[in-house]
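Keep the viewer open as you read.

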Amino acid sequence: MLIFIDESGDTGLDFANGATNYFIIVLVAFEDSGEAMSCDQRIDLLRHELRLSKNFEFHFHQNSDRVREAFLRAVLPYEFFYYGIAINKAKLFGEGFKNKESFYKYSCGLLFENAKEKLRDATAIVDESGRALFKYQLAAYLRKKLNQDSGRKCLKKVKMQDSKRNNLLQLADMVVGAVNRSMNTNKNDHKRYREMVKSREIYVQIWPK
């Protein structure tokens, strides 16, 4: 099993200075590595179809509506599923949430707790941008938490890769971008993209209620 993790929004709580209302993390999972490879190849082909460069990065917040729609339609036939956690930051309290790394670790813990029933010997791939030491600490934390709490090996390893060179991390970016957009009800198209991938959604939790 392969899972790809990406985030949208920020961990800041200073709303007066532009902090986002939600911090969202999504994991996209493929139970079959061959299916993951086929989806990867389809994304490469999509660049050619859209006359984009071979190095073009699909990134929800930077891409046009045309590219977003084409991407989501292209990947939908492939067998993947996703879970998400949307942290409603306005309802948070406690000093721990003021620390970015503690915030991120806690959010990932909630996400994986929801998804663990579906995880079997999974290899998780996380975008390597950000503080490398924290990413490795997070990997150790997730392996310990999931494997000990569940009594089986949910998570085998965690890898750090560059999203610019990983099509399926870009898939995770596009999915988390669609979930993020769905939370922004001021946008006329807030439902549009998440509805496109709704058939692949297992559960997106809004926390706290």
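Start with helix α2 and helix α5 (residues 167–183), which pack at an angle of about 115 degrees with their axes 11 Å apart. Here the axes are lines fitted to C-alpha atoms, for helices over the stretch in contact, and angles run from 0 to 180 degrees between N-to-C directions. The helices themselves are DSSP runs (H or I, at least four residues), as are the strands (E, at least two), numbered from the N terminus. On the α2 side the contact, meaning heavy atoms within 4.5 Å, is made by R68, F71, L72 and V75, and on the α5 side by Q170, L171, M174 and R181. Sorted by class, that contact of α2 with α5 has five nonpolar, one polar and two charged residues. The classes work like this: Ala, Val, Leu, Ile, Met, Phe, Trp, Tyr, Cys and Pro count as nonpolar, Asp, Glu, Lys and Arg as charged, and the others, Gly among them, as polar.

A quick word on ground rules: this is a predicted model, where local features need pLDDT of at least 70 and side-chain atom pairs count only at pLDDT 80 or more, while totals for chains, interfaces and linings use all residues. Residues are numbered from 1 along each chain as its sequence is written, and side-chain values use heavy atoms, with hydrogens and water left out.

Back to α2. Eight of its 11 residues are buried, so α2 is largely enclosed by the rest of the structure; buried means under 20% relative accessible area, exposed over 50%, and partly exposed in between (1.4 Å probe, protein chains only). The buried residues of α2 are V67, R68, E69, A70, F71, L72, A74 and V75. And what covers them? The cover includes α1, α5 and α6 (192–196).

A salt bridge here is a side-chain nitrogen of Lys or Arg within 4 Å of a carboxyl oxygen of Asp or Glu. D65 is partly exposed, at 34% relative accessibility. Because R68 and D65 are three residues apart in helix α2 (residues 65–75), about one helical turn separates them.

D44 is partly exposed, with a relative accessible area of 42%, whereas R47 counts as buried at 4%.

How many salt bridges does the whole structure hold? A search finds 14. One of them, between K89 and D10 (2.8 Å, N to O), links distant parts of the chain: K89 sits in the loop between β3 (81–88) and α3 (100–115), D10 in the loop between β1 (2–8) and β2 (22–30), 79 residues apart. K89 is buried at 2% relative accessibility, while D10 is partly exposed at 26%.

Finally, the cysteines. Searching the whole structure for disulfides (cysteine sulfur atoms paired within 2.5 Å) turns up zero. For C108, the nearest cysteine sulfur, that of C154, is 15 Å away. C108 is buried, with a relative accessible area of 1%, and C39 is buried at 0%.
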